[in-house]
Amino acid sequence: MTDILPFLKSMISVSGVSGYETAVAKIIEDKWRPLVDEVSLSRVGSLHGLKRGNSADSSKNSGKKKQPSILIATHMDAIGMMVSKVSDGFLHITAVGGIDVRVLPGAFVTVHASNAEELPGVIAMPSAKLLPESVNGSEVLAIDYLLVDTGLTPREVERKVKVGDLVSFANEPMELADEVISGHTLDNRSSVAALTVCLEELQSKSHVWDVWAVATVQEETSYLGAYTSAFALRPQIAIAVDGTFAKGPGANGWQTHPMGKGVGICMGPNMHPYLHKKLTDLATKLEIPWFLDVTSAHSGTDAYPMQVTAEGIPTALVEFPIRYMHTPVEAVSVKDIRRAGRLLAEFIASLEGDFVDSILWE
Amino acid sequence: MPTFGNAQLKLLERLCNVISISGDEGEVRKIVLEEIKPHVDEVRVDALGNVLATRRGRGAKRMRVMLDAHMDEVGFMLVADDGEGIYRFETVGGIDARHLLGKQVYVSKDSTPGVIGGKPIHLMDSGERTRKVPVDGLRIDLGPSGKAKVGDRAGFATRFRRVGPSILSKSIDDRIGVATLIELVKNQPTNVDLCAAFTVQEEIGLRGARVAAQYFNPDLAIAIDSTPAHDLPVHNGGENMTYNTKLGLGPAIYIADSSTLHDPRLVRFLQGVAESESIPYQLRQPGGGGTDSGAIQRALAGIPTVSVSVPHRYTHSPMSISRVDDWKNTLALLQAALKRMTPELIAKR
């Protein structure tokens, strides 16, 4: 087992705004290549790593029927912004995904110029006198009134930046106490890290089932990657890995869970109850700390699209708590990432060839 | 003329990257002392923490000229320990709370990393999503076992950067003044006695400057600071009438701010120097704000005072932006002005 932190830090040091995930996909591909048998890209850019089943049981099966497979979906895209207009050397922006406008003023960003140049910038909040009278200049400003300043002259900006160029958070990762990592895009690169821990654990384990490790695109905007990869790969089981809400400043309700104290196993209509039970039983047996998370309707994760793909796929959701979700200082415990990775690997290794037949309702 | 290049920018970078919150200016003081000691005749650190240095000129009829730049910056003080690495804080100096959510900070003399967080957007109702979070609704999070002490200071963790014609930093206000004053001490013309005041606690009420002026009792004083440029486009494309200053137009000479009507003789003198030396300059729009000049002008029996600032955008935020050329021209203007100073300048009203 290698230390997962450097890989995670490298992933959150690049952008990969929804629809433009190539930069991070490359980093993940390099990491996964030695851990899987095949790597490919889906038609819409999701990264597929195939690790074939390797136990005696799987060779016995070969030729008779298709090897059963499990898909683990971790989205690699990030919320971000896009240039909507260039004016007087300043950039107007619009949101890509669920941006929290309250965190934008003063945020350090990268403008991804059309010529592939990366321009540093800062999000500026114009003074009240420059805003319409109808806008309360001392309250939170809508994204339409914010500007990006690159520090370049208007002429240079006009030459380099075009409408549609992406703007991503650019603050560097920060290591806090107690193995907590903070930065932008830990939702959901942390899950990619957990899946990577799983693949590393599987190197020394036998497993009957084929494993599709998938880094999906466009979860934050449309679940495009999860819909399409689940359809293309048609797994017998799918598990989404994503963040849930950690307890912390401003967040103490029933939806929140302690950070660094275990992984979440989610139940609700998006998740198959049998898979949920198998996962919780296994976590309990292995003494992997876990907590029950519930969502009464839509989990807001890749579990939702995968469940309704093709003829329907039994789906589960494994989570870990993230503080300050959708801010540039999201915080995650690396302990929880390792736990999630281990739980996934143990679950995969526990699957017998005929497991799918045992997935029953009553 | 002092040369201007990489060495000056390196010094500014070093000054900008340390944290020096009002009342806790030790990190900048250390750099200032190290830089100026070989060049001055006398230097002392006074009761408030000001660095007060004198470099004497030669010859007769030398004026005592006080140049002032403040060493402190806005930031935070931890005021209560909520447990598990979470701390309440108050702002030190005028910070708009809308600049705080989702920012990285360094806490205490150990530069312990921390973040300012709040409730995630998913858990908010639509009203909360557009409501400002006041400072008492924010916390500094050091991680579950993170340790700091109530009373520790914290500052923005943003790093100094150079981009094209600009510099980006958390503390251009007023490290750019400190760097300017260090350069002037090193390259002082001999016709004046230079009284260099590197002051404390400007951001919380010009406290250092008052006692510095009382100590030096100078003939005249110039506060070297950095002033906001509100030179952004107006929402409807109209003309921006309230820009205060604009980046790229050179040093901003003050005429009037909220606390000071700057000495007209000195204002005219600086304009004249700039024009005869072909140094670009701008007149700061009269209005609010202020510098150490407010305290200096009122000290003792009164001191003729003026302010010169390098303009910056996004004041008291995690990242301000200034133009390198504005700084270079500020330094050139002050250098040329010092050289031309004679007692006649303030002999008559």
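What percentage of the 362 residues in chain A is buried? Buried residues come to 56% of chain A, where buried takes 20 or more other C-beta atoms within 10 Å of a residue's own, with C-beta atoms placed from the backbone. Keep in mind that this is a predicted model: local features need pLDDT of at least 70, side-chain atom pairs count only at pLDDT 80 or more, and totals for chains, interfaces and linings use all residues. Residues are numbered from 1 along each chain as its sequence is written, while chains are lettered from A and ligands numbered from 1 in the order in which they are written.

**Chain A overall**
- Chain A has 9 helices and 18 strands, counted as DSSP runs (helices H or I, at least four residues; strands E, at least two).
- With a radius of gyration of 21 Å, close to the 21 Å from the globule rule, chain A is as compact as a globular protein of 362 residues; the rule is 2.2 Å times the number of residues to the power 0.38, and the radius is taken over C-alpha atoms.
- Along the principal axes, the C-alpha atoms of chain A fill a box of roughly 70 × 40 × 40 Å.

**A helix pair in chain B**
- Helix α4 (residues 172-186) of chain B packs against helix α8 (residues 324-339) of chain B at about 40°, axes 10 Å apart.
- On the α4(B) side, the contact uses B:Ile176, B:Thr180, B:Glu183 and B:Leu184, with contact meaning C-beta atoms within 7 Å.
- Residues from α8(B) include B:Trp327, B:Leu331 and B:Leu338.

Definitions and conventions:
Axes are lines fitted to C-alpha atoms, for helices over the stretch in contact, and angles run from 0 to 180 degrees between N-to-C directions. Two residues are in contact if their C-beta atoms, placed from the backbone, lie within 7 Å. A residue is buried if 20 or more other C-beta atoms lie within 10 Å of its own, exposed if 12 or fewer, and partly exposed in between; C-beta atoms are placed from the backbone.
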